[in-house]
Amino acid sequence: AKRASKWLQLRFFADSDACVEALRADGREIWVTDLSQAAVCLTNAKMRLPARLAVVIGTESTGCSPTMLSAADRRIYMPLHGFADSLNLSV
């Protein structure tokens with residue numbers, strides 16, 4: 001994790017609304033991970049990455065917050081192959 005700080009800029013917010021507001025002010029498109037039928041596969045060949053993107057990854061047990069889901073410009077899911085049925089994130 002110490003080396004990851006070269007590529008990351010960490011910011012902390014009082015709540016999800018403040019985070020969404022800052023992302024919008026920065027011109028970011030917000031993509032949120034979701035397992036609903038509304039989500040599009042991240043590897044979809046027709047999907048193009050926007051110039052400024054924020055990807056929100058929720059918790060394993062409850063996923064993303066309702067605030068983030070409603071703020072999403074796009075809901076996405078990441079396909080998993082093999083025996084895995086969850087994704088663990090670390091930096």
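Is cysteine 19 buried or exposed, and what is its relative accessible area? Cysteine 19 is buried, at a relative accessible area of 17%, where buried means under 20%, exposed over 50% and partly exposed in between (1.4 Å probe, protein chains only).

1. Ground rules. This is a predicted model, so local features need pLDDT of at least 70 and side-chain atom pairs count only at pLDDT 80 or more, while totals for chains, interfaces and linings use all residues. Residues are numbered from 1 along each chain as its sequence is written, and side-chain values use heavy atoms, with hydrogens and water left out.

2. Fold. You'll find two helices and four strands here, running α-β-β-β-α-β along the sequence. Helices (H or I, at least four residues) and strands (E, at least two) are DSSP runs, numbered from the N terminus. The C-alpha atoms fill a box of roughly 35 × 30 × 25 Å along the principal axes.

3. Take the contacts (heavy atoms within 4.5 Å) with a separation of 6 or more: 71% of them come from residues 24 or more positions apart. Of the 91 residues, 23% count as buried.

4. Cysteines. There are zero disulfides, a disulfide being a pair of cysteine sulfur atoms within 2.5 Å. For cysteine 19, the nearest cysteine sulfur is that of cysteine 64, 11 Å away. Cysteine 41 is in no disulfide either; its nearest cysteine sulfur, again that of cysteine 64, is 16 Å away. Cysteine 41 is buried, with a relative accessible area of 17%.

5. Core. The largest nonpolar core has 12 residues, among them Cys19, Ile30, Val56, Cys64 and Met68. By nonpolar core I mean a set of buried Ala, Val, Leu, Ile, Met, Phe, Trp, Tyr and Cys residues joined through side-chain atoms within 4.5 Å. Two or more residues each come from α1 (16–25), β1 (29–33), β3 (53–56) and α2 (66–71). Leaving aside residues up to four places away in sequence, valine 56 touches Ile30, Trp31, Val32, Thr33, Cys64 and Met68.

6. Arginine 74. Have a look at this one in strand β4 (residues 74–77). At 29% relative accessibility, arginine 74 counts as partly exposed. Its contacts, not counting residues up to four places away in sequence, are Ile30, Trp31, Val32 and Met47. The C-alpha atoms of arginine 74 and valine 56 are separated by 11 Å, with the two 18 residues apart along the chain.
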